[in-house]
Amino acid sequence: MILFAVLPLTFAGVLWRWLTRCGFDAREALLAAGIIVGVLVVAATEAFTLVHQLNFIALLFFWSLLTAGIAMMLWRLPAALIQASPQDSLTTTEKIMLGLAAFIVAAVGVIALIAPPNTSDSLIYHMARVAHWQQNNGVMNYPTNNVRQLVYWPFAEYLILQFQILTAGDRLVNMVQWAMMVMSAVAASLIGRALGVARRGQMAIVLLTLTLPMGIVQGSSTQNDYVVTALLAGAVYFVLKAAQAAQRRWIMLAAAGLGLAVFTKGTGLVMGGALLLMSFFLAGLDGRRKILLLISTLLAVAVLTGPFWVRLTAIDRNPFAAMEKSVRVSMERFGPKETASNALRNLSTQLALPWNAWNRAIEAGVKNGHQALGIDVVDPATTFASPFTLVYEADEDVVNNPFHMLLILIAGIYFWFYGVRIPLWRWYALMLGFGALLFCLTVKWQPWISRFHLPFFVLAMPLTVAILDKRVPRPVLTMVLVAAFLAALYPMAWNNTRRLVSEKNIFTSSREQQYFARDRGWYMTVARVVGALKTAGCRDVGLKFGSNEWEYPWQVMLGSQTRVEQVGVVAVPAEISYPDGPFAPCAVIDMVSPEKPRAAVFNGQPFVKAGEGREFALYVSLDLARKMSGQQ
């Protein structure tokens with residue numbers, strides 16, 4: 001089944017070739033193809049959901065038809081519409097930079113292929129919602145106590161879902177973020193070119209982007225930060241391209257990229273809003289194209305997210321209130337002190353190092369700064385989760401980018417004190433600064449805030465290299481690149497959940513065991529319960545879970561032949577029913593009830609306790625209890 005993933009990839013490849021024949025250069029065509037495929041994924045997902053037919057046959061037909069269509073368009077196109085400009089041969093330094101970049105891409109790709117999704121957020125809601133959608137043949141609402149599965153922006157999971165359905169498994173799902181890592185590096189290099197950076201500098205941008213520690217650990221995961229980053233970076237480039245060339249296609253691609261970014265994560269709205277507002281001050285864009293960009297973006301957001309908003313109204317008549325039913329990470333109070341507090345904590349988060357003395361000193365400085373501001377460092381109105389502690393750990397939730405942060409600060413000092421007279425650089429710096437300000441103004445600080453910074457770091461690399469390339473001797477810049485590569489080896493090899501180097505690494509642990517990389521003791525417990533249910537022939541399993549339980553490992557280990565639904569749901573309206581019809585489980589795994597009595601009722605059906613373990617109890621129906629006792 002894994003071979004059927006070739007279908008959307010083949011379509012993307014033929015589309016890329018068609019775009020290069022229509023005037024796009026190779027890198028531009030890659031970004032454009034990624035955005036177009038994204039729009040088509042949303043269209044297919046929502047259309048097939050309407051008829052409850054989001055399944056293998058439907059997607060096989062959809063991608064086969066599209067591939068045949070684009071192949072026919074390519075075949076009918078003239079042999080060449082543009083002549084490729086001759087390229088100078090690569091220098092030794094450039095070859096080394098490309099080799100190091102290729103090594104990172106290949107190594108992260110191997111990790112993404114071998115390791116299963118095992119980030120906590122993925123097990124709780126990213127992959128759990130995908131499993132429910134696959135079971136339900138659509139992305140409609142379903143009963144769950146984990147509202148995040150219903151109300152968080154879903155585009156990254158739409159991409160994962162299509163691979164999951166086409167391959168009948170999760171072997172390729174990590175490759176979505178891996179592909180977006182590559183797309184982000186390509187987009188950053190194109191932004192550098194638009195800023196006037198030469199070829200060698202563009203390669204430096206690629207290498208620095210790929211060596212971001214947060215990017216490396218995210219590139220083999222099923223989080224969504226690299227998805228939103230790639231879309232934002234692509235949109236930024238196409239806005240810059242629109243300022244240089246008058247074709248409307250650049251505006252359309254920028255708008256579609258921004259629409260998909262908003263549909264992926266809240267940071268897409270923040271940085272996308274900064275780009276959209278700052279585009280009105282971009283020289284080269286006339287008034288008509290500025291208005292066209294604004295209208296096209298609003299239209300793209302409305303069309304792409306419209307069905308999702310409708311589903312939110314089934315959870316709450318006010319869709320914004322529905323989104324706040326899970327956890328509130330947006331600021332509850334606004335003002336100069338609150339914004340300064342966030343700016344100070346966000347900056348300090350990126351300065352943490354593997355030395356406790358340094359981190360404690362930074363913490364003390366931040367707390368002193370908050371005393372001077374007259375605001376609590378963990379004020380609930382500006383903070384989600386506490387305490388305020390700085391750590392350096394190779395984990396996709398918290399790993400930071402101190403080396404790259406230092407480069408950005410050095411470039412910023414050159415920019416501020418030595419003056420930069422290039423208008424486009426000034427505009428770009430203001431766009432980045434405005435985006436950072438909006439972020440500090442709207443998003444609460446949290447211990448895993450570094451994940452949200454990934455778009456800023458990728459977008460900052462082109463200007464950082466542009467400035468350093470002018471101010472720093474080339475041998476020094478080369479040493480910087482080598483140092484960045486060497487520093488990147490640590491998060492690559494010692495990723496907390498997908499390690500290359502340890503006693504229990506991705507090569508020596510089974511795939512099932514790796515789902516539990518954050519808590520390996522759970523594996524044997526889950527395996528025993530799942531084995532007992534399969535032996536007893538139970539094919540309808542209920543989960544009484546809350547908002548932070550690992551649902552996906554149960555789903556994947558029970559298998560596609562078992563229907564898995566949440567029971568005892570109180571977090572969503574009762575009108576939201578099971579899309580697959582009435583559900584009468586033969587067993588229920590209860591992880592949230594404070595008491596685990598010998599008998600219980602779930603979905604109006606009596607159950608008896610058949611076993612108990614760490615933080616859970618297994619209940620079985622009366623019929624299954626008799627069957628299991630007979631087997632014994």
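The bend at a residue is the angle between two fitted axes, one through the seven residues ending there and one through the seven starting there. In this predicted model, helix α5 bends by about 40° at Met 127. The helix covers residues 120-136. At 1.5 Å a residue, its 17 residues should span 24 Å. The end C-alpha atoms are 23 Å apart, which agrees. Of the 17 residues of α5, 16 are buried, so the helix is largely enclosed by the rest of the structure. Asn 137 follows α5 and has a positive phi, near 60°.

Helix α11 comprises residues 225-244. From first C-alpha to last, this 20-residue helix reaches 29 Å. That is close to the 28 Å expected at 1.5 Å a residue. Helix α11 is mostly covered, with 19 of its 20 residues buried.

An open sheet is built from 6 strands. Their order is β2-β1-β3-β6-β5-β4, and the pairing is mixed. Strands β2 and β4 (599-602) stand at the edges. Each has a single partner strand, so one side of each is left without a neighbour in the sheet. Neighbouring strands are turned against each other by 30° on average, direction ignored. Helix α23 packs on this sheet and touches β1, β3 and β6. The direction of α23 makes about 5° with that of β6.

The pairing can be followed strand by strand. Strands of a sheet pair through backbone hydrogen bonds, either parallel or antiparallel. Strands β1 and β3 run parallel and are joined by 4 bridges. Here Lys 544 has Asp 590 in β3 as its bridge partner. Strand β3 also pairs with β6, in the antiparallel sense, over 4 bridges. Tyr 619 in β6 is the bridge partner of Val 588. Strand β6 (residues 616-621) is joined in turn to β5 (residues 605-613) by 6 bridges. These two strands run antiparallel. Gly 613 stands opposite Phe 616 in β6.

Side-chain directions were examined in β3. In a regular strand the side chains alternate between the two faces of the sheet. Ala 587 and Ile 589 point one way from β3. Val 588 and Asp 590 point the other way. All four of these residues are buried.

A search of the whole structure finds 1 disulfide. Cys 538 and Cys 586 form this bond, with their sulfur atoms 1.9 Å apart. The torsion about the S-S bond is about 100°, so the disulfide is right-handed. Cys 538 lies in the loop between α23 (521-535) and β1 (540-544). Cys 586 lies in the loop between β2 (563-566) and β3 (587-590). The pair therefore ties together parts that are 48 residues apart in sequence.

The cut-off for buried is under 20% relative accessible area. Cys 538, at 2% relative accessibility, therefore counts as buried. Cys 586 has 15% relative accessibility and also counts as buried. Cys 440 is buried, with a relative accessible area of 10%. Cys 22, at 22% relative accessibility, counts as partly exposed.

Conventions: Residues numbered from 1 in each chain as written. Predicted model: local features only at pLDDT ≥ 70, side-chain atom pairs only at ≥ 80, totals over all residues. Heavy atoms only, no water. Disulfide = S-S within 2.5 Å. Buried < 20%, exposed > 50% of the residue type's maximum accessible area, 1.4 Å probe, protein only. Pairing = 2+ DSSP bridges. Axes fitted to C-alpha atoms, helices over the stretch in contact; angles between N-to-C directions. Contact = heavy atoms within 4.5 Å. Expected span 1.5 Å × (residues − 1).
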